[in-house]
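Dear colleague,

Please read them beside the coordinates.

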Amino acid sequence: MDSIRTQAYAKLLENGIQAIEEVNRLLGSGYTRDDLYVISHNEDREGRIADAADTNEVGLHEEGLFGAIANMFRSRGDALRNKITSLGFSAAEAAYYEKELDSGKVLVIAKKNLH
């Protein structure tokens with residue numbers, strides 16, 4: 001399930017290599033590194049992929065202060081769903097993506113940051 005919108009796009013990938021390839025494809029289509037996010041159920045893996053792809057992890061800027069603080073007390077699944085909704089996806093979409101992340105997939109999200 002890929003979501004293509006005027007402002008946000010998401011794609012599930014099987015592994016980190018595919019995620020990096022997707023990031024490179026998105027960069028070639030006009031997105032900047034600041035527009036791209038990598039999400040994985042495993043925080044260490046997420047960090048390694050984001051570093052290798054030179055992209056963002058969802059953080060304070062996207063979630064806001066209260067969301068970021070609340071995530072420290074949430075389960076990883078709840079925190080992931082919050083991160084995904086903070087990038088403009090519905091609760092149902094976030095639940096779907098989080099379930100796929102449970103099975104080891106990686107989510108790449110492209111969202112134009114409007115300043």
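At what angle do helix α1 and helix α2 pack, and how far apart are their axes? This is a predicted model, in which local features need pLDDT of at least 70 and side-chain atom pairs count only at pLDDT 80 or more, whereas totals for chains, interfaces and linings use all residues. Residues are numbered from 1 along each chain as its sequence is written, and side-chain values use heavy atoms, with hydrogens and water left out.

Helix α1 (residues 16–28) and helix α2 (residues 43–53) pack at about 40°, with their axes 10 Å apart; axes are lines fitted to C-alpha atoms, for helices over the stretch in contact, and angles run from 0 to 180 degrees between N-to-C directions. Helices (H or I, at least four residues) and strands (E, at least two) are DSSP runs, numbered from the N terminus. On the α1 side the contact (heavy atoms within 4.5 Å) is made by Gly-16, Ala-19, Ile-20 and Val-23, and on the α2 side by Arg-45, Ile-49, Ala-52 and Ala-53.

Turning to the strands, β4 (residues 106–111) has six of its six residues buried, so it is largely enclosed by the rest of the structure, where buried means under 20% relative accessible area with a 1.4 Å probe, protein chains only. Val-106, Val-108 and Ala-110 lie on one side of β4, and Leu-107, Ile-109 and Lys-111 on the other. Strand β2 (residues 8–13) pairs with β4 in the antiparallel sense over six bridges, pairing requiring at least two bridges found by DSSP, and Leu-13 stands opposite Val-106. Strand β3 (residues 36–40) is also antiparallel to β4, over five bridges, with Tyr-37 opposite Ile-109.

Best regards

Key: Buried < 20%, exposed > 50% of the residue type's maximum accessible area, 1.4 Å probe, protein only.
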